[in-house]
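Dear colleague,

My notes on what was found in it follow directly after.

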Amino acid sequence: MTTDAVPGDPRRLLSEVHDLAHRVRRDQRVTWVALLVLAVVTFAAIPFDWFGMKVDCAPTGECEFSRDGVLYYWPPALLVAYAAIAYAYRRIARSRGVDARVLPYAITGAGLILVFLAAWVAVRMYLADNPPPTEPLPYGWMVLDRLVAPWGIIGVALLVLARLERNTGLLLFTLGYLAVVLVPIDFGWQAHQSVRAEFLPQQVISGLVLLLGAAGFALARRR
């Protein structure tokens with residue numbers, strides 16, 4: 001038995017292999033679809049949060065509120081969103097002759113929904129036996145609260161998608177999105193007309209960031 005040398009420059013062959021791997025990873029990416037679906041889900045949450053919020057204001061002007069619409073809307077909405085993203089990824093990737101590693105992303109998203117529900121139930125159980133705090137919560141607790149909220153877990157799941165795609169652009173975008181959500185950054189837009197209006201700017205800004213991200217990645221894909 002003899003071994004024949006493969007014709008060609010080894011460095012060139014290695015470069016072609018790396019180029020092929022890069023093109024496969026690029027064809028597996030449908031990042032704009034994921035961001036567009038998440039943007040639609042975020043905007044659709046606004047009326048559920050607005051009309052599903054229970055507000056009780058005393059004559060002194062102090063108000064207590066409960067965002068029940070968030071609890072009832074987000075878990076099923078995100079489950080449907082992740083299922084739609086996984087389906088779209090696999091369908092588009094296979095039309096390009098490749099496969100898509102999107103299932104871990106969808107599973108992570110579903111697991112984070114359970115974290116959100118567990119945190120919400122824990123807070124409800126605590127407030128049922130204890131009076132609500134009169135002093136503002138420490139900043140660290142507020143950041144944690146935003147992280148386990150639906151708009152926060154969207155960003156955490158996107159970090160997983162960026163790792164699966166080896167997509168540096170998506171990683172940088174997700175870090176920016178998390179900064180907008182966790183800080184939060186409202187770009188100077190505030191609404192004080194009512195308790196319900198207090199949450200409107202951040203919801204709209206989060207949705208716009210996702211929508212602009214979807215448009216940017218779609219444009220980059222076309223180029």
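A salt bridge is here a side-chain nitrogen of Lys or Arg within 4 Å of a carboxyl oxygen of Asp or Glu. By this rule there is one salt bridge: R67 pairs with D49, and their closest N and O atoms lie 2.5 Å apart. The two residues are 18 apart and belong to distant parts of the chain, R67 to strand β2 (residues 63-67) and D49 to helix α2. Helices (H or I, at least four residues) and strands (E, at least two) are DSSP runs, numbered from the N terminus.

As to provenance, this is a predicted model, in which local features need pLDDT of at least 70 and side-chain atom pairs count only at pLDDT 80 or more, while totals for chains, interfaces and linings use all residues. Residues are numbered from 1 along each chain as its sequence is written, and side-chain values use heavy atoms, with hydrogens and water left out.

Helix packing

Two packed helices are described by the angle between their axes and the distance between the axes. Axes are lines fitted to C-alpha atoms, for helices over the stretch in contact, and angles run from 0 to 180 degrees between N-to-C directions. Angles under 35 degrees count as roughly parallel, over 145 as roughly antiparallel, 65 to 115 as roughly perpendicular and the rest as oblique. Contact means heavy atoms within 4.5 Å.

The axes of α2 and helix α6 (residues 150-165) come within 12 Å and cross at roughly 170°. Helix α2 is therefore roughly antiparallel to α6. On the α2 side the contact involves T31, A34, L35, L38 and T42, which meet I154, L158, L161 and E165 of α6. By class, this contact of α2 with α6 has six nonpolar, two polar and one charged residues (Ala, Val, Leu, Ile, Met, Phe, Trp, Tyr, Cys and Pro count as nonpolar, Asp, Glu, Lys and Arg as charged, and the others, Gly among them, as polar).

For helix α7 (residues 168-182) and α9, the axes come within 10 Å and cross at roughly 170°, and these helices are therefore roughly antiparallel to each other. Residues of α7 in this contact include F173 and Y177, and those of α9 include L210 and F217. The contact of α7 with α9 has nine nonpolar, four polar and no charged residues.

V37 also lies in helix α2. Leaving aside neighbours within four places in sequence, V37 is in contact with A81 and I85. The C-alpha atoms of V37 and L210 are separated by 9.0 Å, although the two residues are 173 apart along the chain.

Backbone features

Most residues other than glycine have a negative phi, and most peptide bonds are trans. R166, in the loop between α6 and α7, has a positive phi of about 50° although it is not a glycine. The peptide bond from V183 to P184 is cis, with omega near -20°. P184 is placed in the loop between α7 and α8 (195-198).

Yours sincerely
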